[in-house]
Amino acid sequence: MKRILSVFLTGFSLFICLSPLTAYGELKLGVNAKRGELKAMEEWGELANYLSSEIGQPVKLVPLSMDNLASAIENRNVDILLVNPVQAVIAKEKGTFIPIATLKGKYGSQFAGVIIAKKGNGITKAADLKGKKAMSRDSKSAAGAYIFQAYHLHKQGIDVNKDLSLTEAKKQDDIVLAVRAGIVDAGFVRTGQLESMEKEGKIKMDDFVIVDQKKDSDFPFIRSTAMYPEWFLSASSKVDSKLTAKIKTALLKITPETKASKAASINGFVEPISTEGLKTAMKTLKIAPYNK
């Protein structure tokens, strides 16, 4: 009898270890900490609290720098992932994370890239960037602070790797400050970055020129590039499908008045938006996983 019980317990333990993550234990919510760990905690801590309450189990926020984001995707160190659309595409292509919702910001579920230059340095259009020094975020996965701009310039016959002297920064704030200080001639940031920094008292918008500026009647932020889907929240394939459905339902219930929305300055989440246009840009630029 003891031997039978021992075999049963061993088998049950193995089943538990190999089964998808169920409604037990702590879920880890990895989030792209584009403006640093502290800012990520301030913005997304309430989302983790909200999900904990809605799904009935603890959700821990895990801010991810660019350095450890790739590892989190590859090794599935987190259970759900809130990242920019490029990173969401990469995570999906690797077969590890499935997009379940697209973030809806204060002004919609799409965003774009901005190319900035210091006022008075002679740069006003894309052609003026040739031979200049520019700064961006990670060229492997930064959406609104590299890929959008690189593809925009590619369509005008400018190769950012050959026609510009490009360096990378750890934070988008640093890119803006480097342009203002004259350390570089131009910078790549996402829409809303300049407006946010001006609101925080760090810069004045009038100190910058927007290269190839586009104006919109229904989008309040200045932009240089085409529009693309906002960030995605994706669930690891190891998470039980019923739990994933509960997470998605909770996300789609979020309103502008929800505490999590107010903390992150968003309006909630919508059904996942197509990433086909973004994939075209990534394939053109040979961004992994389309670099072979």
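A residue counts as buried under 20% relative accessible area, as exposed over 50%, and as partly exposed in between. Keep that scale in mind as we walk through this model, which is a predicted one.

Take phenylalanine 221 to begin with. Its relative accessibility is 22%, so it lands in the partly exposed class. Tyrosine 107 belongs to that class too, because its relative accessible area is 47%. Why look at these two together? A search of the whole structure turns up four aromatic pairs, and tyrosine 107 with phenylalanine 221 makes an edge-to-face one, with 5.1 Å from centre to centre and 80° between the planes. What makes this pair handy for finding your way around is that it links distant parts of the chain. Tyrosine 107 sits in the loop between strand 4 (97-105) and strand 5 (110-111), while phenylalanine 221 sits in the loop between strand 10 (208-210) and strand 11 (228-229), 114 residues apart.

Now for the inside. The largest nonpolar core has 63 residues, and those touching the most other members are Leu29, Leu47, Leu51, Leu233, Ile247, Leu251 and Phe269. Helix 5 (residues 143-154) supplies the largest share of this core, eight residues.

Five strands make an open sheet in the order 8-7-9-6-10, with mixed pairing. Strand 8 (165-168) and strand 10 stand at the edges; each has a single partner strand, so one side of each is left without a neighbour in the sheet. On average, neighbouring strands here are turned by 30° against each other, direction ignored.

Within that sheet, strand 6 (residues 113-118) and strand 9 (residues 186-190) run antiparallel and are joined by five bridges. Isoleucine 115 stands opposite phenylalanine 188 in strand 9. And what packs on the sheet? Helix 6 (residues 172-181) does, touching strand 6, strand 7 (133-136), strand 9 and strand 10. The direction of helix 6 makes about 150° with that of strand 9.

Terms used
Residues are numbered from 1 along each chain as its sequence is written. This is a predicted model: local features need pLDDT of at least 70, side-chain atom pairs count only at pLDDT 80 or more; totals for chains, interfaces and linings use all residues. Side-chain values use heavy atoms; hydrogens and water are left out. Rings of Phe, Tyr and Trp (its six-membered ring) pair if their centres lie within 6.5 Å; planes under 30 degrees apart count as stacked, over 60 as edge-to-face and the rest as tilted. Helices (H or I, at least four residues) and strands (E, at least two) are DSSP runs, numbered from the N terminus. Buried means under 20% relative accessible area, exposed over 50%, partly exposed in between (1.4 Å probe, protein chains only). A nonpolar core is a set of buried Ala, Val, Leu, Ile, Met, Phe, Trp, Tyr and Cys residues joined through side-chain atoms within 4.5 Å. Two strands pair if DSSP finds at least two bridges between them. Axes are lines fitted to C-alpha atoms, for helices over the stretch in contact, and angles run from 0 to 180 degrees between N-to-C directions. Contact means heavy atoms within 4.5 Å.
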